[in-house]
Amino acid sequence: MTTATTAADLQQLAEQAGRDLEDAPALEILTWAAETFGPRFCVTSSMEDAVVAHLASRAFPGVDVVFLDTGYHFPETLGTRDAVAEVMDVNVLTLTPRQTVAEQDAEHGPKLHDRNPDLCCALRKVKPLEEGLARYDAWATGLRRDESPTRAGTPVVGWDPKRQKVKVSPIARWTQSDVDAYVAEHGVLTNPLLTDGYASVGCAPCTRRVLEGEDARAGRWAGSNKTECGLHG
């Protein structure tokens, strides 16, 4: 278990681990995180698939898996969350925004996601996650370098300066083929929408199916220059 007590210590730890573990298998990276941070480590999942949650459960049975229920999710996404909680050795924790969709509509007007998607993401994703991660020193994500140009430099272990936490991306070096192979080998739960033309699954109003030749993130906030919700930069 780490003895790091300050943000500077954690940052140094993260940057060193990023160098040391760059070529390590995903399970080894998660085992390092579990041994280093114990209960102050969690996995975040959008329930697009449960690959990282499954990997983490092998390294740290009973690990906390944090899910953001924005109020705008597809029913399939919520169903995937419920199935993960039922069948995997993890502790699913659901975070919700301070306002319901109806309360947000009353304050900001309906369909804020169409008029100001950055504000909608800030209210329904970024702020709840910051509050939910307060108890942890490190968190794991399913980011991959091949998903989009904005994610090409993702370290397997890095420092999240905005949240002052260690950010672990154990499958950063994986390709979609690696993900598919792991899912097939271990029977990992995936969101049914992934077999219905969606390559990346977010909130229903801001997600569409991708066209042939588009990158995996092209279906998110289509028609705008927005590429990230703010959770990852």
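Guide: A contact here means heavy atoms within 4.5 Å. This is a predicted model, in which local features need pLDDT of at least 70, side-chain atom pairs count only at pLDDT 80 or more, and totals for chains, interfaces and linings use all residues. Residues are numbered from 1 along each chain as its sequence is written, and side-chain values use heavy atoms, with hydrogens and water left out.

Start with Cys-203. Leaving aside residues up to four places away in sequence, Cys-203 touches Thr-70, Tyr-72, Phe-74 and Lys-125. Its relative accessible area is 12%, so Cys-203 is buried. (Buried means under 20% relative accessible area, exposed over 50%, partly exposed in between, with a 1.4 Å probe and protein chains only.) Cys-203 sits in the segment after α8 (176–186). Helices are DSSP runs of H or I with at least four residues, strands are runs of E with at least two, and both are numbered from the N terminus.

The UniProt annotation "binding site", from an unreviewed entry, covers Cys-120, Cys-121, Cys-203 and Cys-206. These four span 87 residues in sequence, yet no two of their C-alpha atoms are more than 10.8 Å apart, so they gather at one spot. UniProt positions follow the numbering used here, feature names are shortened, and annotations may be inferred rather than shown by experiment.

Now take Cys-121. It lies in helix α7, residues 117–132. Cys-121 counts as buried because its relative accessibility is 8%.

Next, the annotated domain. UniProt places "domain: Phosphoadenosine phosphosulphate reductase" at residues 46–208, again in an unreviewed entry. Over residues 46–208 the chain is 37% helix and 14% strand. The end C-alpha atoms of that stretch are 16 Å apart.

Step back to the whole protein chain. It has 8 helices and 6 strands. From the N terminus on, the order is α-α-β-α-β-α-β-α-α-α-β-β-β-α. The radius of gyration is 17 Å, close to the 17 Å that the globule rule gives for 233 residues, so the chain is as compact as a globular protein of that length. (That radius is taken over C-alpha atoms; the rule is 2.2 Å times the number of residues to the power 0.38.) The C-alpha atoms fill a box of roughly 45 × 40 × 35 Å along the principal axes. Of the 233 residues, 49% count as buried. Among contacts with a separation of 6 or more, 68% join residues 24 or more positions apart.
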